[in-house]
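This report goes through selected features of the structure shown below. It covers helix packing, aromatic contacts and a few individual residues.

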Amino acid sequence: MIFNTVKQVSLYIISYLGLIPKNKLHILIYLADKYHLQQYGRTITNDVYFKTPVGPKGLHAKKINLNNFKITDDYDFLSDSDKKVLDYIIKKFGKDTLSDLIYRICELPEYLNSSKKEISKIEMFSKMNEFDIDDSHISISKEVFQGYF
């Protein structure tokens, strides 16, 4: 199921931006998961992310073959909040160059403050100024994620 969701997220992004470099797609998916986690207490894809020199790569997202994509409007694995967040990420970061996105990502605390290769979901709660999400909202979403609500 995770792979199907990652595939639909990839298709959704590509349907708006066209064919983009795979590393840019990985970063946009990561940003969407990070934003959704901070906003709603869960990620869109539930993928596991690993740090690389060119940004995070999801365990399932890296298996996506962009050559086999057929654009569709069937996104049955995506909720309304998923689509809302994807629209926000596409609008906010879609025109950025790959190098700009890599720079932004590699400056995040989950990249700078950890020697681990895997990025935990808890680390993804680190603030990203471009998101404009209030700290108190992030705290509540983190409690939702951790099951306190």
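Predicted model: local features only at pLDDT ≥ 70, side-chain atom pairs only at ≥ 80, totals over all residues.

On the α2 side, the contact is made by Leu-37, Gln-38, Gln-39 and Tyr-40. On the α6 side, His-137, Ile-138, Ser-141, Val-144 and Phe-145 take part. By type, the residues of this contact are five nonpolar and four polar, with no charged residue.

Two packed helices are described by the angle between their axes and the distance between the axes.

## Leu-37

Leu-37 belongs to helix α2 and is one of the residues of that helix that touch α6. Is Leu-37 buried or exposed? Its relative accessible area is 0%, and Leu-37 therefore counts as buried, the limit being under 20%.

Neighbours within four places in sequence aside, Leu-37 contacts Arg-42, Thr-43, Lys-121, Met-124, Phe-125, Ser-141 and Phe-145. Ser-141 and Phe-145 are also among the α6 residues in the helix contact. Leu-108 is 71 residues away from Leu-37 along the chain, and the C-alpha atoms of these two residues are separated by 15 Å.

## Aromatic pairs

How many aromatic pairs does the structure hold? There are six. Tyr-35 and Phe-131 form an aromatic pair, with 4.9 Å from centre to centre and 85° between the planes. This geometry is edge-to-face, because the planes are over 60 degrees apart. The pair links distant parts of the chain: Tyr-35 is in helix α2 (residues 22–40), whereas Phe-131 is in the loop between β3 (118–119) and α6 (135–146), 96 residues apart.

Tyr-35 has a relative accessibility of 10% and counts as buried. Phe-131, at 2%, counts as buried too. Together with Tyr-88 and Phe-93, Tyr-35 and Phe-131 form one aromatic cluster.

## A charge over a ring

Another contact involves the ring of Tyr-111. The charged end of Lys-51 sits over that ring, 5.9 Å from the ring centre.

## Residues with positive phi

Most residues other than glycine have a negative phi, and most peptide bonds are trans. Which residue in the loop between α2 and β1 is examined here? Asn-46 is found in that loop, with β1 spanning 49–50. Although Asn-46 is not a glycine, its phi is positive, about 60°. Asn-46 has a relative accessible area of 47% and is partly exposed.

Asp-132 is found in the loop between β3 and α6, the loop that also holds Phe-131. The phi of Asp-132 is near 55°, a positive value in a residue other than glycine. At 70% relative accessibility, Asp-132 counts as exposed, whereas Phe-131 counts as buried.

## Glu-107

Where is Glu-107? Glu-107 lies in the loop between α4 (98–106) and α5 (109–112). Its relative accessible area is 42%, and Glu-107 is partly exposed. Glu-107 and Met-128 are 21 residues apart along the chain, and their C-alpha atoms are separated by 9.6 Å.

Terms used. Residues numbered from 1 in each chain as written. Heavy atoms only, no water. Phe/Tyr/Trp six-rings, centres within 6.5 Å; stacked < 30°, edge-to-face > 60°. Helix = DSSP H or I, 4+ residues; strand = E, 2+ residues; numbered from the N terminus. Buried < 20%, exposed > 50% of the residue type's maximum accessible area, 1.4 Å probe, protein only. Lys NZ or Arg CZ within 6 Å of the ring centre and 35° of its normal. Contact = heavy atoms within 4.5 Å. Nonpolar A, V, L, I, M, F, W, Y, C, P; charged D, E, K, R; others polar.
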